[in-house]
Amino acid sequence: MAAGGDRGGREACGHDSYRSPLASRYASPEMCFLFSDKYKFRTWRQLWLWLAEAEQALGLPITDEQIQEMKSNLDNIDFKMAAEEEKQLRHDVMAHVHTFAHCCPKAAGIIHLGATSCYVGDNTDLIILRNAFDLLLPKLARVISRLADFAKERANLPTLGFTHFQPAQLTTVGKRCCLWIQDLCMDLQNLERVRDELRFRGVKGTTGTQASFLQLFEGDDQKVEQLDKMVTEKAGFKRVFIITGQTYTRKVDIEVLSVLASLGASVHKICTDIRLLANLKEMEEPFEKQQIGSSAMPYKRNPMRSERCCSLARHLMALVTDPLQTASVQWFERTLDDSANRRICLAEAFLTADTVLNTLQNISEGLVVYPKVIERRIRQELPFMATENIIMAMVKAGGNRQDCHEKIRVLSQQAAAVVKQEGGDNDLIERIQADAYFSPIHSQLDHLLDPSSFTGRASQQVQRFLEEEVCPLLKPYESVMKVKAELCL
């Protein structure tokens, strides 16, 4: 992604060469930077420095001057030279060893001492994965926080529930939002778990036996253990793999992309609901003053952001198949057919997750609800739902349950015919008001048809859920809650 770091030696071509839309259109600059060549190769040099510092501390003949020379050139990366070296050597790590050595002539002989390519490659990947999670987690927490505010404000607003996308019992707008929040809370916990369980590959050698380091330290097993521990601590990891082949197990990549794919499923469900509600005109995502919904139909207000989230979420969910297949075909201590695939799927998963979270935060900060539309739809369906309550009230007033049931059945069928065959409004209540049989409860009809009496414990559930489950989960992220979402396009 970095302009000067194209590994095949090609110059950045701007508008006359393909660039991933994830980087050029959607993902945040900070996430793009994490997966850039500059960050990657700078981390390789940092790992070589940490290795040299630890080896020096444990008694190998490495001078302070060599260490200082490496420190001074961590950012002095000649990407053009590295590309030319790789073209000659067909080996990315050795190309950068030579490039680093060129600007560190005194340290040239001790760079990469005892290490294998995966020392820099795999450990850098683990550092990037950890840091990428650290970028995603606050963004996900902010989405949850924005939706929690929305749910709290509308905890008591009745709305028609849907099962099979057919009218069902009433719920509230806030309670429905809590369905979304609950899924995202599970995602937050899963991302935190996988991030915290990441282990460093460490200093392991070509097949994971640490044989080269044991030779360097003349058979001193304790020093090799110390070396592994020291470099792991320098990289900021609490745990290191005891067992590796040449690489860390690719099961780690499955875990990482699985939780991101699960997040994608949550986002897709939420944004699909928003798109359906937009069609019902009950809720809309933000729509900017100058925004155009359609090039042909100027009245259109398409849910473009939600559609983008769904589109990218599908890609995010599909990416998990890559590490599943890669892990399954890693022969013995390692095969190289993981490399090209991982360059694509790991970066794309995080850039995609970053994009959908940025977009969903923008949506959640500007959701618009239309209570009058919701109320009208409730009026269309509520009379049928209220029939059981009407029957019970008639029985309490001295009526016969079976006679009342039959009366309601006949009137309901007549009202349904008006709605379905004539396109009229539901007039069941008017029919009940006009029927003398129901005169004992005519004065109670307004109360029996109060939408809030059909929402059960929805508002109490919202309050308890937000207080007991959501607030504690968001507490570690309080300091970043005020950051607004910014969309690239």
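Predicted model: local features only at pLDDT ≥ 70, side-chain atom pairs only at ≥ 80, totals over all residues.
Residues are numbered from 1 along each chain as its sequence is written, and side-chain values use heavy atoms, with hydrogens and water left out.

Student: Into which domains is the chain divided?
Tutor: The bounds come from an automatic or database domain assignment. By that assignment the chain is divided into domain 1 (26–103), domain 2 (117–287 + 302–369) and domain 3 (373–454).

Student: What area is buried between domain 1 and domain 2?
Tutor: The C-alpha centres of these two domains lie 28 Å apart, and their contact (heavy atoms within 4.5 Å) takes 25 residues from domain 1 and 35 residues from domain 2. Buried area is the accessible area, taken with a 1.4 Å probe, that two parts lose on being put together, summed over both. Carbon and sulfur atoms give 76% of the buried area between domain 1 and domain 2, which is about 2,700 Å².

Student: How many salt bridges are counted between domain 1 and domain 2?
Tutor: A salt bridge is a side-chain nitrogen of Lys or Arg within 4 Å of a carboxyl oxygen of Asp or Glu. Between domain 1 and domain 2 the count is three salt bridges.

Student: Which helix gives the most to the side of domain 1 that touches domain 2?
Tutor: Helices here are DSSP runs (H or I, at least four residues), numbered from the N terminus. On that side of domain 1, α2 (29–34), α3 (37–57) and α6 (92–103) each supply at least two residues. With twelve residues, the helix that gives the most is α3.

Student: How many residues apart are Asp354 and Lys139?
Tutor: The side chains of Asp354 and Lys139 meet in a salt bridge, at 2.4 Å from N to O. Asp354 lies in helix α14 (residues 339–364) and Lys139 in helix α7 (residues 117–153), so that the pair links distant parts of the chain, 215 residues apart.
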